[in-house]
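Please keep the sequence and the structure in view while reading the points below.

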Amino acid sequence: MLGFLVRLLPFWIREPLVILVGTVFGVRILFMALVDGEGWVPAVIGAVFLLGAALRVRVVVHALRARRRPAPATEAELVPVTPAPVTPAVRRPVEKEPNAFAQASFAIGLFAVIGGALWIEGKLPEDGTAATGASRPAACRLDEDEELPGAYRSTPGAVTGADLCRALNGTELPELLGTPAERSVYASGTDNTAPLTDRKVAQPEARVEFETYTVELSATYNKLTVAQYAKLTTYGDGRDARKLTVLGRPALLTSDHMMKIQFDLGSGEGASGPVEQGPLARTLTVAFDGKDRGGSYDLTVWSESGLLPDDSALVDIAEAVLPRITRGARGQD
């Protein structure tokens, strides 16, 4: 489409425009190859652009010389012709030839306008709001086609994975994690049930992934209180467990390793193996209410590198996310 539009332009607009574009792109790509160390492939591409621009310059030079040089007389013009009776000549308006300099200047100005528009568009944030400068998070992937388990319909006030993902996947989440320059690359919400409960306990989950950290938020609608869960941690390795209060509710910070499972999908490059110990994760468990009458939210953060944010980051995320968890249309069915 762009090539067709360029061919429609007059010669004295098209050729200077092609020369300018080829020169700019060629110099830029060569700079990337030679200075930024991008390799020999960009160098070849840049050289091709510059070669094409040089050939176009040669075409323009020949065209200018042809316009300034008078055409040689033909043999028919050299044969004497019997003068015809003189008749009054009809004066016709002199047609002005196009000004090559003006057309070239117009082409350069047009290219400058297009380049400026592209530069301004590249400077705008992805969501189109220059005031905040916040990048748009990845859209939540939901299981809209799957039927909601019966545990959700039998649990008053139960939210869904979509509700949790909507609350968790906010633009302020990277800053709360200490990585303000990142944006979420994946987000999802699922309507699960708690394991070993015969699908009778609703446990929706949401996950948001960044380059550095992965954050999960789940809600478990059982009768286990945070106080009871804190006592259970004393029977295991509870050295990293810490009790605190978040939003006026009992809360508990614990650490545990994620599970790592490897599957062979038939490619022959890998083999299925047993469950391995994954990276360390930090979890903040917060009761549904201040009276701790059962059920809780679990906010978990981990990274493949094993690095974890400070515990204060988990508290800040919980204080920002939990108050805005609301039931959506599907949760009210």
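Asp311 and Arg242 form a salt bridge, in which the closest N and O atoms are 3.5 Å apart. This pair links distant parts of the chain, since Asp311 belongs to helix α10 and Arg242 to strand β5 (residues 242–246), 69 residues apart. The model discussed here is a predicted one. The points that follow begin with the salt bridges and then turn to individual residues, a surface patch and a helix.

**Salt bridges around Asp311**

- Asp311 also meets the side chain of Arg282 in a salt bridge, with an N to O distance of 3.0 Å.
- This second pair likewise links distant parts of the chain: Asp311 lies in helix α10 and Arg282 in strand β7, 29 residues apart.
- Is Arg282 buried or exposed? Arg282 counts as buried, because its relative accessibility is 8% and the cut-off for buried is under 20%.
- Asp311 has a relative accessible area of 21% and is therefore partly exposed.
- Arg242 also counts as partly exposed, at 39% relative accessibility.

**Other salt bridges**

- How many salt bridges does the structure hold? The structure holds 7 salt bridges.
- One of them joins Arg324 to Glu172, with the closest N and O atoms 2.4 Å apart.
- The partners come from distant parts of the chain: Arg324 is in the segment after α10, Glu172 is in the loop between α7 and α8 (173–177), and 152 residues separate them.
- Arg324 counts as partly exposed at 34% relative accessibility, and Glu172 is partly exposed with a relative accessible area of 23%.
- In general, side chains of opposite charge can pair when their charged atoms come close.

- Arg249 is placed in strand β6 (residues 249–260).
- The side chain of Arg249 instead reaches backbone oxygens, that of Ala287 at 3.4 Å and that of Phe288 at 3.5 Å.
- Beyond residues up to four places away in sequence, Arg249 touches several others, among them Leu244, Val286, Gly290, Tyr297 and Leu322.

**Val286, a contact partner of Arg249**

- Val286 is found in strand β7 (residues 276–287) and is buried, with a relative accessible area of 1%.
- Leaving aside neighbours within four places in sequence, the residues in contact with Val286 include Val226, Val246, Arg249, Pro250 and Ser296.
- The C-alpha atoms of Val286 and Leu299 are separated by 8.2 Å, and the two residues are 13 residues apart along the chain.

**Ser305, an exposed residue in a loop**

- Where is Ser305 placed? Ser305 sits in the loop between β8 (296–302) and α10 (311–321).
- Ser305 has a relative accessible area of 57% and is therefore exposed.
- The side chain of Ser305 makes a polar contact with the side chain of Ser303 at 3.2 Å and reaches the backbone nitrogen of Leu307 at 3.5 Å.
- Pro279 is 26 residues from Ser305 along the chain, and their C-alpha atoms are separated by 7.4 Å.

**A nonpolar patch on the surface**

- Val24, Phe25, Trp40, Val41, Val44, Ile45, Val48 and Phe49 form a nonpolar patch on the surface, and together they have about 750 Å² of accessible area.
- The elements that give two or more residues to this patch are α2 (11–34) and α3 (40–68).
- Helix α3 gives the most to the patch, with 6 residues.
- In general, an α-helix has 3.6 residues a turn, so residues three or four places apart point the same way.
- Trp40, in helix α3, is exposed, with a relative accessible area of 65%.

**Helix α7, largely enclosed**

- Why is helix α7 (residues 161–168) described as largely enclosed by the rest of the structure? The description applies because 7 of its 8 residues are buried.
- The buried residues of α7 are Gly161, Ala162, Asp163, Leu164, Cys165, Ala167 and Leu168.

How values were computed: Residues numbered from 1 in each chain as written. Predicted model: local features only at pLDDT ≥ 70, side-chain atom pairs only at ≥ 80, totals over all residues. Heavy atoms only, no water. Helix = DSSP H or I, 4+ residues; strand = E, 2+ residues; numbered from the N terminus. Buried < 20%, exposed > 50% of the residue type's maximum accessible area, 1.4 Å probe, protein only. Polar contact = N/O pair within 3.5 Å; in protein donor to acceptor, adjacent residues only side chain to side chain. Contact = heavy atoms within 4.5 Å. Patch = residues over 30% accessible without salt bridge, like charges linked within 9 Å, V, L, I, M, F, W, Y side chains within 5 Å. Areas by Shrake-Rupley, 256 points an atom, 1.4 Å probe, with all protein chains shown as cover. Salt bridge = Lys/Arg side-chain N within 4 Å of Asp/Glu carboxyl O.
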